[in-house]
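Here is a short report for a reader new to this structure.

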Amino acid sequence: MAKYCGNRNSEYILKNANEFKQNCLIEGKSLLTDAVIWTSGYCEELTKYFVDNPDAGEGDFFTKLETQLTDTSANAKVLAAEMLWLMFLCPSNTGAASKRGSIERVFAWSGYKIDEVTKERYLSDNALTGVGSSGTAYNTMRWRELVYLIRFTELFLKLDKPKKEELLNNHIKFAQWLEQVPDNENRQLRHMLVFLFFPDFNERIFGNTDRRSILVTLAGLTKPQYNKMKCSERDAALLKLRKKFEQEFGTTELDYYIEPLKSKWKNTEVNEPKSEYDSKSVMELIYENFEVFIKNYTPSLLEKLEGLLKSTCDNSLDIYPVNINGQFRIGRKEKKETHGSPLCLINFQKNDIKISYRGKKISITEITNHLTEAISEWSKSHSTSRDSYWPNDYDTKEGVETRAIQGTVMSQSLNQILYGPPGTGKTYNTINKALEILDPDFLDQHEDNRTKVKDRFDELMEKNRIGFVTFHQSFSYEDFVEGLKANSNEAHQISYEIEDGIFKQMCVAGNAHNIASQNQQPLDVVGRKVWKMSLGDTLSDDAYIYQQCIENNYVLLGYGGNIDFSSSKDRKSIIDTYYTNKVDIENASNDYRVTSVHHFKNIMTVGDLIVVSDGNHKFRAIAEVIGDYEYDPSVIDDESYSQKRAVLWHRIYEPSLPVEELFTKNLSQQTIYRLRPPTLLMEHLQAFLDINVRTEQLKSGMFINSYKVCSITKELINFLRPNGVSLPIARSMVNELVKMVNSEVITIDDIKNKKVFDKTTSLLDKNIINSNNNLFAPLIDYICKHGMQIDSATENEKRVLIIDEINRGNISNIFGELITLIEPSKRAGGSESLSVKLPYSKEPLAVPSNLHIIGTMNTADKSLAQVDIALRRRFEFVEMMPNHELLNDVEVDGVEIAKLLETINQRIELLYDREHTIGHSFFLPLKDEPTIERLAKIFELEILPLLEEYFFEDWERVGQVLGDHLKTDASLKFIEEKFTDTSIAELMGAEWKQEGITPYKRNLEALNNPEAYMGVYEAF
């Protein structure tokens, strides 16, 4: 009997299901009340208000459902609650308490109450415990399962009673009848219904994954054969297989999830190569591969995506990643190939999916059968005998397959430009883009808190990890890379120095590596004196001094000559020592020979820090003084360097770093002097020396509840269990739990007590978290309190240069010869790495591979087609168009702002082009201040001037954009003729006729009239 479910007792659930068949489907009675609710009339209400009224806005399933069912009758609401009860009978991977809460929540909308006897019978833990796991998509796409159930009910209730009884007493006829229900072949609820109604003939296998695996492995079917079968045919094949095993093992108590059958098909290779996800439903695959991108998508958008990728899989084409976050190709690509053969490109955007096909970029919502036909035709010339590969089937860049629980691991683009019309949030989004690159964990945990995100961005800017520059017509190579700058001294003498631009500064900083090999410990700079020292001149004969100091762990002073100052305790005694050694000191109070030795010998103390300069514009090492003054004339051949102190080298940079990393101005040429704030940025110095002063952070070597932390990378935390077995945990899983705890969705106790999935519909792996709750609870608690440190953190970290309005500058003049070097393959460490000798400093420069460039481009200034070809070849372009849906909840005195913006932009596209549409950010202030005065101010100071610029003060077209030509009430027009016939006659005479452009003016009264704005979208 298929009703045997191993350690899960199905008897109680199947008894209730049998009563449901008779009482509800045949007699129309309610389970939870005394009313008759399972009727066509009430079902039609659910069809009207739920099926035919999809809610594409934000919010969870139940919030939307409550809104959709607001206008339905009380009995229709009860019907919806009982349908959910039926949907919840089988799944065991949702807790009974969570199911009960959801059913009672919907039932409460009716205003009725459930008596305790009924509640115990149908809503108890025994009634809702479930009999088997449902796939991921069953919960995430619950609305589709409910739509299927409503459509099933609507069709079934139209049958007469004898027909109903016939179907509910014949499993074959019932399964065949179900085929007329829309979407029957794709719904897990379909498999649950046939099990609940006919448990002797159908298995408790609800996901397509396991059904297919069993039949392919044990029944000798090929995957193409399976794919062509109807669900009813697969039911028959599973039943035939069961009969065979019942005869073989001599018992009817068999289940495919329990031995002896489990090992026959679970994790068993078959005669065809399998991808990891070879038999899951398309929607399950979509969530496993793209969940990080699609979490905010509307149901209709997901349905479009499912249709496209189902067609892809039906034709055995691949969906494979490219090295751009959020972009994937449909085509053919083997796992070990470097390049594939693409048909089209999928670009996941925040609220849409763009498809690039044959040179055009269109929204997935506009896809027609043409692309589906193209996929079918294209597959004929790229045929394969295997199934489709999905992104998670491909290895990462390093050749090691690293799977994150949430989405795919994608490499960040080195060069990208955010482009779109004004007001679409391009500059605003550079903050998120920068944090995606530099601190993705922080962004993931705080993406909903704009204040924290901006503070973190500012912190990284302060540390020179982020640079920001705006291009304009007069911006030049000398500003961006390097150039000569005139300076004057106290005597008003002019000199010229080479000054580095922001691009060179960031390249130099990005190329610098700390090569110090000594044992380094956390070092706190608080309370320490800091000195600047020169150790030889890199451009003179004593350039070797620096290298010798590095190799022998000391610093040498080039003053004092071959004189021993060991007994000189103060400045006066140093002067006396000079005199004793026949060295004349003419101005004892100011002589730098005295000052330098006095600083080095008497003022400098053990524990002080020394920053070693490289000219006036760079520094190359940081040391800690660990020894007292020594006189050692034998240390090198040049007796000028006989004054010595032992040091510990904490940082040695090759190449040297620009002074901007640590100082607010250039260094002096003096050999040694004290550094103080504000010239010295103490917090930056601390950051350079901060291996991890915050020693409480989670790091390798620590123990969490007897689990040893072996390593922490950006992808994994590797633990060693108490029994010595390795346990790798995906960082994405940890980050998701930390985020939920920080946002108070769950608590640490929920993790400890295995209640996470009673409170959330997260797609995290329930079995992993619940089975390791003794590790996850203290781990998440520790990270929330103290943070986490990645292994082997160095200063050679990623950096981001943001170039605002990149298309407004002359690219050739600004980048010069460096435009070639920003290509990934030409960067330092690339396959074809190059460097150039700069024209002013004559220094070689390479662009590091850890420098990301993010540009913004306003298409109203210059269309994408007009962009310098050098940029188009080397940058990836991310389109950012107006998103009126962000304004759906904004209404000002009856004016629907989203509809207003959408209509204006549609007219602009007709009269001009889409590149000159108006962005949503102009109207975002109305979220906090939804007043007609604020709306009038936005129109008067921003929207109207922009439209006037777009249409070159062609006021008639500006009026057409605003719908003035369709308004019958002249007082509601934003643009009106400046002169009336009467005023023209008075000014020019009755015989004068106007020629040329008619003068117009703004109608300021209309700006403060809500009806004028409504007329923009209601005029037609």
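## Helix H1 and its cover

Contact here means heavy atoms within 4.5 Å. The model is predicted. Helix H1 covers residues 11-26. What covers its buried residues includes helix H4 (74-88), helix H6 (116-122), helix H7 (125-128), helix H9 (142-157), helix H10 (161-167) and helix H12 (188-197). The buried residues of H1 are Ile-13, Leu-14, Asn-16, Ala-17, Glu-19, Phe-20, Lys-21, Cys-24, Leu-25 and Ile-26.

H1 has 16 residues, which should span 22 Å at 1.5 Å a residue. Its end C-alpha atoms are 22 Å apart, so the two values agree. H1 also bends, by about 30 degrees at Phe-20. Just after H1 comes Gly-28, with a positive phi of about 80 degrees.

## Helix H37

Helix H37 takes in residues 932-950, 19 residues in total. From its first C-alpha to its last it reaches 25 Å. That is close to the 27 Å expected at 1.5 Å a residue. H37 bends by about 40 degrees at Phe-939.

Phe-939 is buried in H37, and so are Ile-932, Leu-935, Ala-936, Ile-938, Ile-943, Leu-944, Leu-946, Leu-947, Glu-948 and Tyr-950. Just after H37, Phe-952 has a positive phi of about 50 degrees.

## Strands S1, S2 and S3

Strand S2 (residues 327-332) pairs with strand S1 (residues 318-321) through four antiparallel bridges. Here Phe-328 of S2 faces Pro-321. S2 also pairs with strand S3 (residues 341-348), again in the antiparallel sense, over six bridges. Arg-332 has Ser-341 in S3 as its bridge partner.

How much of S2 is covered? Five of its six residues are buried, which makes S2 mostly covered.

## A parallel sheet of five strands

Five strands make an open sheet with parallel pairing, in the order S7-S22-S25-S6-S26. At its edges are strand S7 (466-470) and strand S26 (876-879), and each pairs on one side only. On average, neighbouring strands of this sheet are turned by 20 degrees against each other, direction ignored. Strand S6 (residues 415-420) runs parallel to strand S25 (residues 851-858), and six bridges join them. Asn-415 has Ile-853 in S25 as its bridge partner.

Two helices are described on this sheet. Helix H20 (residues 426-438) packs there and touches S6, S7, strand S22 (799-804) and S25. The direction of H20 makes about 165 degrees with that of S25. Helix H24 (residues 502-511) also packs on the sheet, touching S7, S22 and S25. The direction of H24 makes about 165 degrees with that of S22.

## An antiparallel sheet of four strands

Another open sheet has four strands in the order S18-S19-S20-S21, with antiparallel pairing.

Strand S19 (residues 707-712) runs antiparallel to S18, with two bridges between them. Ile-704 stands opposite Tyr-707 in S19. Helix H29 (residues 731-742) packs on this sheet and touches S19, strand S20 (716-720) and S21. The direction of H29 makes about 60 degrees with that of S21.

## Cysteines

A disulfide is a covalent bond between the sulfur atoms of two cysteines. How many disulfides does a search of the whole structure find? It finds zero.

Are Cys-43 and Cys-231 buried or exposed? Buried means under 20% relative accessible area. Cys-43 has 0%, so Cys-43 is buried. Cys-231 has 1%, so Cys-231 is buried too.

Key: Residues are numbered from 1 along each chain as its sequence is written. This is a predicted model: local features need pLDDT of at least 70, side-chain atom pairs count only at pLDDT 80 or more; totals for chains, interfaces and linings use all residues. Side-chain values use heavy atoms; hydrogens and water are left out. Two strands pair if DSSP finds at least two bridges between them. Axes are lines fitted to C-alpha atoms, for helices over the stretch in contact, and angles run from 0 to 180 degrees between N-to-C directions. A disulfide is a pair of cysteine sulfur atoms within 2.5 Å. Buried means under 20% relative accessible area, exposed over 50%, partly exposed in between (1.4 Å probe, protein chains only). The expected span of a helix is 1.5 Å times one less than its number of residues. The bend at a residue is the angle between axes fitted to the seven residues ending there and the seven starting there.
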